[in-house]
Every structure is written in C-alpha cells, then in structure tokens.
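Me: I am new to this structure and would like to go through some of the labels used for it. Please set each value against its definition.

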Amino acid sequence: MMALEDVSQGKDLDTKEADGWTPRQRFFLSYANSWCNNVRPEVARTIVLTNPHSLPKYRVNNVVTNVPDFRKAFGCKVGQPMARENACRVW
C-alpha cells in the first residue's frame with residue numbers, strides 16, 4: 001500500500017473514478033487477478049497433496065482478510081467473511 005500511496009502523487013485513494021472503482025480497490029483487484037486461475041477439483045486435490053504452496057484462491061483470500069487497507073477499501077466490517085475478527089498481525 002505504501003508504494004501505491006507514493007505513486008498517487010497526493011491523489012485521494014478512496015475517491016471513485018470513471019470505472020466505479022477507487023485506486024485502493026483497484027490495487028486489491030489487481031493483486032487478486034494476478035493469482036486468478038480455475039482448476040478442477042481433482043487437480044486441486046493433486047496440487048494440495050504434492051505442492052507445498054497454497055492454492056491461489058487461498059493465497060489471495062487468506063492474505064487480504066488480514067489487511068486493514070483491504071477492509072477500508074471495500075467497507076468490510078470486522079467479523080464478515082473477508083474481515084477476520086482475529087486478524088493476523090506480524091508487525
């Protein structure tokens with residue numbers, strides 16, 4: 001988020017633009033889109049059993065549910081599915 005704030009040149013990150021999204025929302029949509037994929041259940045099972053990395057859906061959802069800026073961008077209230085009540089805090 002700090003990088004987005006640096007390149008915004010003082011522009012408000014929470015004002016909707018012509019496409020209906022705010023720059024802050026677009027940041028998270030781009031992040032999610034970079035992991036976008038679709039696999040059949042049997043392929044997902046093979047991945048889970050053979051690959052040490054999480055499936056892309058969890059690499060997105062499990063991360064952003066812990067990010068306060070995500071909650072702010074989409075107006076999620078604590079306790080909702082995408083705003084964990086016991087969010088992980090590392091720093």
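Me: Where is Thr22 placed?
Reply: Thr22 lies in the loop between helix H1 (2-7) and helix H2 (23-34). Helices (H or I, at least four residues) and strands (E, at least two) are DSSP runs, numbered from the N terminus. The model is a predicted one, in which local features need pLDDT of at least 70 and side-chain atom pairs count only at pLDDT 80 or more, while totals for chains, interfaces and linings use all residues. Residues are numbered from 1 along each chain as its sequence is written, and side-chain values use heavy atoms, with hydrogens and water left out.

Me: Why does Thr22 count as buried?
Reply: Buried means under 20% relative accessible area, exposed over 50%, and partly exposed in between (1.4 Å probe, protein chains only). Thr22 has 5% relative accessibility, so Thr22 counts as buried.

Me: Which residues is Thr22 in contact with, leaving aside neighbours within four places in sequence?
Reply: They are Leu13, Asp14, Thr15 and Lys16. Contact means heavy atoms within 4.5 Å.

Me: How do you know how many disulfides the structure holds?
Reply: A disulfide is a pair of cysteine sulfur atoms within 2.5 Å. The sulfur of Cys76 has its closest cysteine sulfur in Cys88, 17 Å away, which is too far for a bond. Cys88 is likewise in no disulfide, with the sulfur of Cys76 as the nearest one. The structure holds 0 disulfides.

Me: What makes Cys76 buried or exposed?
Reply: Cys76 has 19% relative accessibility and therefore counts as buried. Cys88, at 47%, counts as partly exposed.

Me: How do you know that the span of H2 agrees with its number of residues?
Reply: The expected span of a helix is 1.5 Å times one less than its number of residues. H2 has 12 residues, so it should span 16 Å, and its end C-alpha atoms are 16 Å apart, which agrees.

Me: Which residues of H2 are buried?
Reply: Pro23, Arg24, Gln25 and Phe28 are the buried residues of H2.

Me: What makes the pair of Asp69 and Arg24 a salt bridge?
Reply: A salt bridge is a side-chain nitrogen of Lys or Arg within 4 Å of a carboxyl oxygen of Asp or Glu. The side chains of Asp69 and Arg24 meet at 3.1 Å, N to O, and form a salt bridge. This pair links distant parts of the chain, with Asp69 in helix H5 (residues 68-74) and Arg24 in helix H2, 45 residues apart. Asp69 is partly exposed at 23%, whereas Arg24 is buried at 5%.

Me: How many salt bridges does a search of the whole structure find?
Reply: The search finds 7 salt bridges. One of the pairs is Lys11 with Glu17, at 3.0 Å, N to O. Lys11 is partly exposed at 48%, and Glu17 is partly exposed at 30%. A network of salt bridges links Lys11, Glu17, Asp19 and Arg26. Arg40 also forms a salt bridge with Glu42, the closest N and O atoms being 2.8 Å apart.

Me: Why does Arg40 count as exposed?
Reply: The relative accessibility of Arg40 is 54%, so Arg40 counts as exposed. Glu42 has 47% and is partly exposed.

Me: Why does Val63 count as partly exposed?
Reply: Val63 has 39% relative accessibility, so Val63 counts as partly exposed. Val63 is found in helix H4 (residues 56-64). Not counting residues up to four places away in sequence, Val63 touches Tyr31 and Tyr58.
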